[in-house]
Structures are given as structure tokens and as C-alpha cells.
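Me: I have a structure open and would like to talk it through with you. Could we start with the charged pairs and then move on to other things?

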Amino acid sequence: MKDRDLLYNQIDTRLLDTMSDLIRIVDEDNAIVYYNRAMRIALEDQMFRDHSEGEDGGFSDFRMTARSIASGEIIQRETYVGDVYYSVKTNPIRGNDGSIVGAIEVFRDKSIEKHLQLEQIEKNRAMIEEQISASNIQHALLPKRGYNRLTCMEYYYRPAEILSGDIFDFIEIDDDHAAFYIADVVGHGFASSMMTMFISQTLRNMAPEILKDPTVAMLEIEHRFAELNFPDTMYFTIFLAVYSENEHKLTYVNAGHDCPPLLKRGENVRLLLNTGFPISSLVEASFYECRTAYLFKGDELLLYTDGITECRNKNRVQFGVKNLQKTFAETDKEPLAEIVETLRKYVHEEIVDDMTCVYLRML
């Protein structure tokens with residue numbers, strides 16, 4: 001620049017010397033005409049002796065100032081200079097006639113913020129890895145698909161996040177009895193996933209003489225839950241049933257699980273209705289009513305959580321129990337696959353709750 005006074009007239013360099021940011025000004029030929037006191041102290045002058053060398057980044061990189069002068073654009077970038085991480089902003093400087101006479105470049109030390117950001121990224125990565133490990137444990141707790149002594153089982157299990165608050169199982173008690181259940185814990189984070197493991201292990205390790213009676217078993221679950229002093233915000237709903245092969249009798253209780261299982265016989269589908277309080281520290285139930293249904297070869301059962309019935313279409317209308325009942329009634333050779341396909345076509349938005357659907361056909 002032939003007349004540097006013109007450039008200095010555009011910026012009060014005395015003000016720049018009071019700033020902690022590192023600031024330099026280049027002329028229209030991309031030559032340094034000024035750097036402030038902070039930059040001079042930090043770099044001890046020698047870093048600016050020959051800025052034409054080493055265009056690999058940092059203070060030796062003048063490509064952004066050249067681009068800003070040529071195009072007139074404001075450029076924001078980030079770069080390391082040694083171990084220091086800078087946010088760099090390059091602005092063109094215009095003369096009185098509007099023409100670009102140079103550029104000013106401000107280096108702001110963002111090392112602390114960058115360190116915290118990288119630290120948070122690492123914590124998030126570690127947390128995700130822990131969640132994936134916990135999710136693998138949850139999946140390992142699920143029963144095997146396919147045939148067992150009494151039923152053919154298939155299921156659709158889709159957590160809303162990495163971890164799920166849904167759990168279900170099929171437990172053979174003795175030569176005559178088998179139990180199965182589906183439970184839905186509030187939320188779907190670490191706490192909820194730990195609760196599903198509590199439910200699974202409590203029922204799997206329950207004495208057979210207790211588990212054979214659904215009412216007694218539910219009161220036992222409630223008692224063990226109370227002993228652990230969970231916070232008031234933690235609770236779960238559960239449908240628990242026990243089937244006697246000799247009597248073809250299904251006895252079942254419901255602890256607040258507002259998703260009544262569906263029983264299909266031929267083309268007829270009915271709800272297995274029952275009521276009861278959820279398992280919670282706020283309300284202690286003294287009794288759970290046990291109801292009965294009779295099952296025969298070919299009968300089909302569908303257990304599910306509210307993630308199935310409360311999913312929404314593009315008009316934000318929930319799928320609903322009646323729609324599920326109708327879909328189940330119309331299924332043919334592959335009931336679960338047909339239901340899942342119907343849901344896939346229906347759902348328009350991201351799911352916000354765990355979706356679980358368990359299909360059982362009596363053998």
C-alpha cells in the first residue's frame with residue numbers, strides 16, 4: 001500500500017493494542033502493516049519476519065486474508081498454532097470510496113473451550129460405549145425366538161434410544177406351568193434399563209411355588225421393589241400370566257399395564273382386560289385380581305407396550321388399541337411381520353417411546 005495512512009485511518013490501532021486477542025492488519029498486497037501488542041508479546045516478533053514461507057497453517061498462512069481482500073467476504077476459521085487453538089476471523093477493510101484497502105485478522109485463544117469440548121466428546125463417547133454394553137446385556141436377557149415346549153414365540157423389540165425401558169420373558173416353571181410377562185418402565189435411560197434387569201432377575205429367580213400364582217408373584221415383586229427404596233419417580237407397569245398345560249388355563253394379573261394383551265382364536269380377537277396399580281413406591285397394592293382364560297392349540301397371543309399403540313401418523317393420530325386389534329385379526333401366516341409392516345407404513349415421525357410387541361402361538 002503506497003499510503004498506509006489511509007489504512008490506519010480506517011481502524012483505531014490504539015484501541016487494538018488494549019485488546020487481549022491477537023490482531024494483525026495486512027494491506028491490499030497481503031503484507032503485514034500492523035500487529036497489536038498482544039500478538040507482538042505472544043510471538044516475540046520473530047514469527048512475522050517472513051510471512052511468505054510455510055503456508056501450511058497457523059500464523060504463516062495468509063491465504064484467508066488474500067481471499068478476503070480479493071472477494072470482500074468475511075471468513076471464519078479455526079486453527080492450531082503450536083499447542084494453542086485459535087478461532088480466526090478475517091474481515092476486509094474498505095477505504096472511503098468503498099474499495100478494499102486491506103484486511104484485519106483476529107486470533108482468539110479458544111484452547112480452554114476446545115479442551116473442554118474434546119473432554120466432553122470423550123465423555124460422551126465413553127458413555128455411549130457404556131450404553132451399548134448395557135444394551136447388549138438387555139438383549140441377552142430376552143428369551144430366544146422360536147419354539148419352546150408350549151409355544152412358538154416371535155417378537156419386535158425397538159428401543160427409542162440405545163437403552164430400553166421395556167422387558168419381557170417366557171419362563172418354564174415346571175412340567176405343567178410356564179410364566180410370561182411384559183413390563184414397561186418409565187423412561188428409557190440407564191435407570192430404566194437397570195430396572196428392567198431388576199424385573200428380569202426377580203422373576204427368573206423367584207421360587208416356583210410363588211411364581212405359579214400370579215397374584216402372589218406380583219405382591220412379591222412389589223415387596224422386593226419397596227425394599228430397594230427407589231425414588232418416587234421410578235415405577236413400572238407389568239402384565240404377568242401363568243399357563244397350565246394340563247388344564248389349558250391361563251391365569252393373569254395386571255399392574256397398571258394399560259396395554260391389554262390380545263387373544264386371537266380364529267378370526268376373533270379379544271382383550272385380556274384386568275386392572276391394578278403400577279409397581280411404585282407411591283402406592284402399595286394389597287391385592288392383585290387374578291383372571292382366567294382358556295387356551296388351546298392354535299390360539300395366538302399378542303403382548304405389547306404403549307410405544308406400539310401411541311406411535312403417530314403424519315396427522316399425529318395415534319395407532320391405538322382398536323387399530324392393533326383389527327390388524328391382528330386380519331393377519332395370516334406371519335402375524336408379527338404383518339403387524340410390523342403395518343406399523344412401518346403408519347408411523348410418520350421419529351419414535352419417542354420404546355416399541356415392543358411379543359407374539360405367542362400355542363402348540
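Me: Let's start with Arg-77 and Glu-105: buried or exposed?
Reply: Both Arg-77 and Glu-105 are buried, where buried means under 20% relative accessible area, exposed means over 50%, and partly exposed is in between, with a 1.4 Å probe and protein chains only. Before going on, please keep in mind that this is a predicted model, in which local features need pLDDT of at least 70 and side-chain atom pairs count only at pLDDT 80 or more, while totals for chains, interfaces and linings use all residues. Residues are numbered from 1 along each chain as its sequence is written, and side-chain values use heavy atoms, with hydrogens and water left out.

Me: Fine, and what do Arg-77 and Glu-105 form with each other?
Reply: Arg-77 and Glu-105 form a salt bridge, with 3.2 Å between the closest N and O atoms; the term stands for a side-chain nitrogen of Lys or Arg within 4 Å of a carboxyl oxygen of Asp or Glu. Arg-77 lies in strand β3 (residues 75-81) and Glu-105 in strand β5, so this pair ties together parts that are 28 residues apart in sequence. Helices (H or I, at least four residues) and strands (E, at least two) are DSSP runs, numbered from the N terminus.

Me: Which residues are linked in a network of salt bridges?
Reply: The network links Arg-24, Arg-77 and Glu-105.

Me: Asp-21: buried or exposed?
Reply: Asp-21 is buried, at a relative accessible area of 9%, whereas Arg-108 is partly exposed, at 42%.

Me: What about Glu-330, which partner does it have in a salt bridge?
Reply: The partner of Glu-330 is Lys-326, and their closest N and O atoms are 2.9 Å apart. Glu-330 and Lys-326 are four residues apart in helix α10, so about one helical turn separates them. Glu-330 has a relative accessibility of 53% and therefore counts as exposed.

Me: Staying with α10, how does it cross α11, at what angle?
Reply: Helix α10 (residues 321-330) and helix α11 (residues 335-346) cross at roughly 135°, and their axes come within 9 Å. That angle makes α10 oblique to α11, since angles under 35 degrees count as roughly parallel, over 145 as roughly antiparallel, 65 to 115 as roughly perpendicular and the rest as oblique. The axes are lines fitted to C-alpha atoms, for helices over the stretch in contact, and the angles run from 0 to 180 degrees between N-to-C directions.

Me: What about α6 and α8, at what angle do they pack?
Reply: Helix α6 (residues 190-204) packs against helix α8 (residues 214-227) at an angle of about 130°, and their axes are 11 Å apart. α6 and α8 are therefore oblique to each other.

Me: Changing topic, which residue other than glycine has a phi near 65°?
Reply: That is Arg-316, where the value is positive, and Arg-316 is in the loop between α9 (306-309) and α10. Its relative accessible area is 48%, so Arg-316 is partly exposed. His-248 is not a glycine either, and has a positive phi of about 55°. His-248 belongs to the loop between β10 (235-244) and β11 (249-255), and at 33% relative accessibility His-248 counts as partly exposed.
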